[in-house]
Every structure is written in structure tokens, then in C-alpha cells.
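Student: Could you take me through the aromatic rings in this structure, and what surrounds them, in one connected look?

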Amino acid sequence: MKMKKITFQGWKNCIELTNGEFRIVVTTEIGPRIIGAFLGSKGENLLYLDKKLLGTSNQKVWTNYGGHRIWHAPEDSVRSYCPDSRKVVMAELRDGGVAFMAPREELTGIVKTINVYPEGENSFRIEHQIRNEGLWDIEAAAWGITQLMPGGTAILPQNRGPEGLVPNRSINFWPYARPDDSRFVFGDRFVLVKQTAKGAPTKIGLNSGEGWCAYINKNTAFVKQFEYFDENEYPDLGSSIEVYTEGGYLELETLGPLAILEPGDEVTHSEYWTAAEVEQIPLNNDKDVIEMLGIEEDDGCCDDECCCHEEEQKAAKKAAKKDAKASKKADDAKKTASKKAPAKKAAKKAAKK
């Protein structure tokens, strides 16, 4: 991973990190906040930035600069909106990463850190770390929020698990979201959220355990992968992926599980960022996503244990038991064949069964 200090969009002392064809820019003037993500040397910024706020800092209230930020869920009108306009501390880590740590929040006692690591080629691991430096226990989850440029489509995978008797997927709507909003496309494998210039604010969340989500815009696929912990509780009615959008941008968000943090405890939620060129086509259904991303198409079954094969599995198990019983009879018969000639006929008969 290559690293250099640059001035970017009016912010001085930014750190540009490059891994193969993918590069990101992190500001040290505010945040921690990633303010640039580019595929190739001539690629456009994939991240949305508010043009009116470029190069500014030291705001006394929370300010939506854009880019990528770390929050702690669940969202709260006071706790979540602590000002993050002060300078962050940058430090190179021994294992090849770079840390960007914000000052302790006076209101919450929380310290937020974003650690960036190279991950293979053309990919980064973005660690979101929150530490409780307050006086009391808190319940929180680390939350990665990426504001992306307008005009694209978010892809949210739905669960494909094998359970057949209990529900295994949910779609959660915020109070200001309408299920009949034309920006939503509900398929069997994916939920699509289209970003439009005139759209009113809306937000949904999924309990997706597939471990990835994506945003397609101008022939570029921006993909975030993450680890999902099936046994843990997630914020917002179990949401591991969320999308918020309005007229100017779309937020692609992933969340870690909730945890009780005693004073001094910390929790980390990691995202793995990649970007790639794609031959963009209009995304209106599951088949469009499968075609564009080259995802293997299936018949709705996740594997051989899928519930839709339940009857076939029962029949196969019954047949296997019958064969095993017949085989045992044959083996027993063969053992006594040298002593009793009639047993040979029994063995052949059992084997045929």
C-alpha cells in the first residue's frame, strides 16, 4: 500500500492510500472521515461530498460533509450527532495499516477510530472501532456509513438460508419510508434501491447474512463486504445492511452486532472495499443483477440441504437405510457361506434387494 500526504478539495494534510488500481483519501482535519475513493488514476470520486462545505472544519454542530464516516448505533438525535469537526490523529500501525483517531466525545465518552489496511490487490479493509472511555456501560454497535454519488442503484442481498418452517428474512422500513416507493425493487434474491435526483428522504434495512452489498453507478461497482454473526443481535430490528437516500446522495451502510461496552471496552466492525468496472445495464430485477455482476443463477435453493428438497431427502434416506440393511444381510451371509451352502442363496437374494 502506497501512502502520501496531499491537499484534497480544500482540506490540507490528507492521506492518500493506494492499493493497486484502487485509492482512497482520508482527511485529518475532520472526522475520522474518508473523503475520496477512486478506481484508476482517472476515475471520478465515488463518494459524495457537499460542495458548500469543502475544506471547512471546526463546526460547532454535527455537519454532513459527505464521504464515509463511523457512527455508533442505534441512532439517537443527541448521541449520534456529536460534532466531528476536530482534527484526528494519524498513526502508522506495525501490521501495515494506518489509524485515524478522533478526540474523545465529551457528551458520550466514546472514541472513534478508522483503521485502513491493504487487503489483497485493489481492496482495502476498513475497520470501524468505538471505545467506551466514559464512566458507565453503554450498549452500541459500530456502524459504517458511506455517502455515494447520485444516479446509481444499491444492491442488497436477501437471505438464502435453508430453514423452511421459520422466517429468515426481514425488510425494515423507517417511519418516513413508503413500501410502494418507486425507488424500491423487491426481488426474491435482491432488494434494489435507486437513487434519483428528486427523491424525498427514505430508508430501509435488511437482516442480510450474505455479507456484502454494492452500489452501481456510471459503469463502476463499489462493493462492501463484511462478516455477519448469526447468533448476535443487530440494531434496528436486526438490520445488518441499511440504505438511506434523498435527492443528493445515497448512503450504503453496514452495522456490527450490538455489544455492552464497559468503561475501557471497545468493539470493531470491518468492511472490505473493492471497486471494479462493469458493463452497466438498467437494473430492474434479480436477473439484471445476476447478469451484470456475473453471479451464479440458481433455482432458489442454497444447497443440498435446502428445504425445497425435503421430500427428496426423506426418500433418499429411506432408500439408503434399506440398502444398508440389505448390504449387512449380504455381508453376514457371506461370512457363513463356507459352512452352510444354503446361505449363499440368501446372500444373493439379500444383495438383489
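Tutor: Happy to; we will go from the ring pairs to the charges over rings, and then to one residue beside them and some backbone details.

This is a predicted model, in which local features need pLDDT of at least 70 and side-chain atom pairs count only at pLDDT 80 or more, while totals for chains, interfaces and linings use all residues. Residues are numbered from 1 along each chain as its sequence is written, and side-chain values use heavy atoms, with hydrogens and water left out.

The structure holds 16 aromatic pairs. Rings of Phe, Tyr and Trp (its six-membered ring) pair if their centres lie within 6.5 Å; planes under 30 degrees apart count as stacked, over 60 as edge-to-face and the rest as tilted. Let us start with F22 and F124: their planes meet at 55 degrees, with 5.6 Å between the ring centres, so this pair is tilted. F22 belongs to strand β3 (residues 22-27) and F124 to strand β9 (residues 123-132), so the pair links distant parts of the chain, 102 residues apart. Helices (H or I, at least four residues) and strands (E, at least two) are DSSP runs, numbered from the N terminus. F22 is buried at 0% relative accessibility, and F124 is buried with a relative accessible area of 0%. Here buried means under 20% relative accessible area, exposed over 50% and partly exposed in between (1.4 Å probe, protein chains only).

Next come W71 and Y81, an edge-to-face pair with 4.8 Å centre to centre and 70 degrees between the planes. W71 sits in strand β5 (residues 68-73) and Y81 in the loop between β5 and β6 (89-92), so the pair ties together parts that are 10 residues apart in sequence. W71 is buried, at 3%, whereas Y81 is partly exposed, at 33%. Elsewhere, Y48, Y176, Y244 and Y249 form one aromatic cluster.

Some rings also carry a charge over the face (NZ of Lys or CZ of Arg within 6 Å of the ring centre and within 35 degrees of the ring normal). R23 lies over F38, at 4.3 Å from the ring centre, and R125 lies over Y117, at 4.1 Å from the ring centre.

R125 brings us to N115, which touches it. N115 is in strand β8 (residues 110-118) and is buried, at 6% relative accessibility. Leaving aside residues up to four places away in sequence, N115 touches L93, V98, A99, F100, R125, I126, E127 and Q129 (contact means heavy atoms within 4.5 Å). N115 and S270 are 155 residues apart in sequence, with their C-alpha atoms 9.1 Å apart in space.

Finally, the backbone deserves a look. Most residues other than glycine have a negative phi, and most peptide bonds are trans. G31 and P32 are joined by a cis peptide bond, with omega about 20 degrees; P32 lies in the loop between β3 and β4 (33-39). The bond from A73 to P74 is also cis, with omega near 0 degrees, and P74 is in the loop between β5 and β6. N13 is not a glycine, yet has a positive phi of about 55 degrees; N13 is in strand β2 (residues 11-19) and is partly exposed, at 36%.
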